[in-house]
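Please read the points below alongside the sequence and the model. They are meant for someone new to this structure.

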Amino acid sequence: MVRNLSDLVGILACALGIALVCLMVVYAHNTTEGMAADVRAFAVLLQRILFVPQTVLEMIVILFPPVAVGLDLLLRRYPVVALRGLMGLIGGIVVAILLVFVLAALNPEALVTGLSIHRGTGSSITIPTYVAAITGLLTAVATPASRPTITWSWNLLWISVVVAVVTTTTSLPGMAIALLVGRMMGYAVRYGLGVASRRAHGTALVEGIQRAGFAPVRIDRVSTVRVSETGATLPGVQTPQFFSDHRLYVMRTLADRIYNVIVLDGDRQVMSVTVRLWRYLRSRAVERRPALSLRQTAERTALLSYTVRSAGVATPAVLAIAEAEDSMIIVREATPPSVSFADLEPEQVTDEILDAMWAQILRAHRCGIAHRTLTPDCFRLSREPDAPTSAIWVLGWEAGDVASPELALRIDLTQMIALIATKVDPARAMASASRALTEEQLAPLGPLLQIPAVPKPTRDRLTAPKEVLAKLRTELAQDIPDAPVSPAQITRVGVRTIIMTVLLMVVIVVVLTTFNLTQVVEAIRGSDWRWAVGAFGFGLVGYAGGAMALMAFSPVKLSFWRVYACQVSAAFVALAAPAGLGPAAINLRMLVKKKVPTPVAAATVALAQVANVVVVVLTLVVLTAVTGSALFSGFEVTPGMLVAVLVVAVAVGVVFVIPRSRAWLLARIGPLLRQTWPRLVELFSSPYRLALGILGNIILVASYITALQWAAFAFKVDLPYVAAAIVYLLGTSAGSVVPTPGGMGAIEVAESASLVSYGVNAGIAASVILLFRLVTYWIRIPLGWFAYRWMSRTGDL
């Protein structure tokens, strides 16, 4: 028994499908009703054609599949499969009944209405249990084409589904959910209990090899660990990347010839496709489009083998391809006695070997062929008695590509330099590249020497991948001073992009579920646009405060208008940086351009950030005390708060008591304090600069608070200044914690929730925050772009 990853993917896909159907019922009610009405238009025609009463048809569907499939499996002595089908049937019934019970208990009005059938004065939720049960049974036992009884059962089920929807016995969304529930439970049973392996083993494997034209007399499984199939242990005759996804055998024929046999299994293809698809989506050049079937994978392997050998590269030839059971068999030439480049000692790596490795790859490149996954295991040095020391075999072309773009070829060269650096120092690795490549070929590689361009097996063999790649870029810059070395963007999708997308979807769902369109429209009609213009103006005043603070903390004299333009350009940079980091990065760059040493510039920017936080907290305290606001009049210290404070205090104490955690914390904070303390001492020695820095931060914070308050005034929301300050502080804190550009999503959610807790209607609160973000973030992005371009042309950035 094996557990197929495709079954797990099916479970997740069905669960996602159920969620999408529910979302469509709630937010696209008119669309689903229109689809159901179109289906019901065939009711009259169906009643003329259908000569069997609907209830009789349902009884046939309920009784025939379990009886027919169960008897068929038991008579053929498949009791485990029959048990699996029974569990799928029971699982479909239980989950369908549970869904109806939960919906009846929670009673979400829009969802219940969309899943109900209305008859007369009453209505009832319709998720047909028998459909979920039969679907779970048929999914759990096998695919529809396995046995005639299963095929006929599927046909009966689909006829019953169509009749039930057309005759309005069941709602269209309810029927869709029932089918998805049955499929999900069937897949869950298959994955939990496992299914019979359909891989080609034993006789099936031998027959497949014979159909390919070979007469095997001995077949041994190859693995780097002992396996139960043959017990053979013959490591190192195939690249680990390709071998990890498939089986490899060594075959001896009647003619006493030795061949490699690669077996591609269908149940492992899903994992391979998933991994390669993720790599393809994540990187622009490291991985090509994945093959979606075993046949495509085998055909691509043969194509690459023929093309690479035609280019003059030493690689084993694919001799034949055959199909057996759920596997594809590839018969390939066996590699001669050889040793992997990964197994060589550093002192064994000569310049002659490195030059031969480069020569093999450049032959493929001259024909437009890219390898895409070059690792130390891809190169094998021949150990035949009469072979020269430079006889190199290159393996692992299965993931390669023909007619490759220039970027893919450059990635290959980058991977070559990195894999050579696993055995020799960076200077020697770059020297080998300089011997093999022209200056025009070598110069563009600097921006590609980064972690995403290097395969994981190579990264694992590097002692410190980031440091080694940085040294390689330095060596390249020394050899070619004009060569660019700043890392290029070669990734399409990363973890950060996924987090941003998820957070954006959460924001959209929260806004849609709390948005009262009628109230918002009335609020917009009654809003005063003059308050919005004033809020935008106060946002521009905040730039002046930020400029004053940076001028006060800067160790060199700065022009006010230049610094002001720098703060404006930060609005453009904030589009790609988390909240607070955009202005910090742009300020740091300007100070470095003004010949301020990088450590001093970093300390200056850090000091400005700390001062801003201090001013925010002190401003809240002062405003609360001076205005005598009643916001905190009802504040009481609860036992829960005391427990929370106690937990935080204990956690801080534990961190400082444990030597390792204390050393880690001091290692992070120590350098910042050592850099900031001299600047802080210097600042305290100049009262004028200290006052200017404090005043600038006060103006910066007050301008944003006022802009938020005036945005609320635009919608006739009487928001006190202290309340606006608290809302702004919470939003800024949330934006700093969540790593999204400009705090996007986190700020809107936090500030909207704060206004709602203050008593503002959810729809109007969302409108206020959207207006505030519009005038203090979105509108200022074009201004920031113009300012950034101007300062870049003048050399200030």
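1. A nonpolar core here is a set of buried Ala, Val, Leu, Ile, Met, Phe, Trp, Tyr and Cys residues joined through side-chain atoms within 4.5 Å. Buried means under 20% relative accessible area, with a 1.4 Å probe and protein chains only. The model is predicted: local features need pLDDT of at least 70, side-chain atom pairs count only at pLDDT 80 or more, and totals for chains, interfaces and linings use all residues. Residues are numbered from 1 along each chain as its sequence is written, and side-chain values use heavy atoms, leaving out hydrogens and water.

2. The chain has 797 residues, of which 46% are buried. Its secondary structure comes to 32 helices and ten strands, taken as DSSP runs (helices H or I, at least four residues; strands E, at least two) numbered from the N terminus. Of the contacts (heavy atoms within 4.5 Å) with a separation of 6 or more, 74% join residues 24 or more positions apart.

3. The largest nonpolar core has 48 residues, and Met357 and Phe379 have the most contacts inside it. Elements giving two or more residues to this core include helix H13 (294-310), strand E9 (379-382) and helix H19 (465-479). H14 supplies the largest share, eight residues. Another core, of 41 residues, lies apart from this one, and among its members are Cys14, Ala132, Ile150 and Val181.

4. What does Phe379 touch, leaving aside its neighbours within four places in sequence? Its contacts include Val339, Phe341, Met357, Ile361, Trp393 and Met416.

5. Helix H14 (residues 351-366) and helix H16 (residues 426-436) have axes that come within 10 Å and cross at roughly 50°. Axes are lines fitted to C-alpha atoms, for helices over the stretch in contact, and angles run from 0 to 180 degrees between N-to-C directions. H14 is therefore oblique to H16; angles under 35 degrees count as roughly parallel, over 145 as roughly antiparallel, 65 to 115 as roughly perpendicular and the rest as oblique. Residues making the contact include Leu354, Trp358 and Leu362 of H14 and Arg428, Ala433 and Arg435 of H16.

6. Helix H30 (residues 746-758) packs against helix H31 (residues 762-778) at an angle of about 135°, with the axes 9 Å apart. That angle makes H30 oblique to H31. Among the residues that meet are Ile747, Leu755 and Val756 in H30 and Ala765, Ile769 and Phe772 in H31.

Note on methods
Buried < 20%, exposed > 50% of the residue type's maximum accessible area, 1.4 Å probe, protein only.
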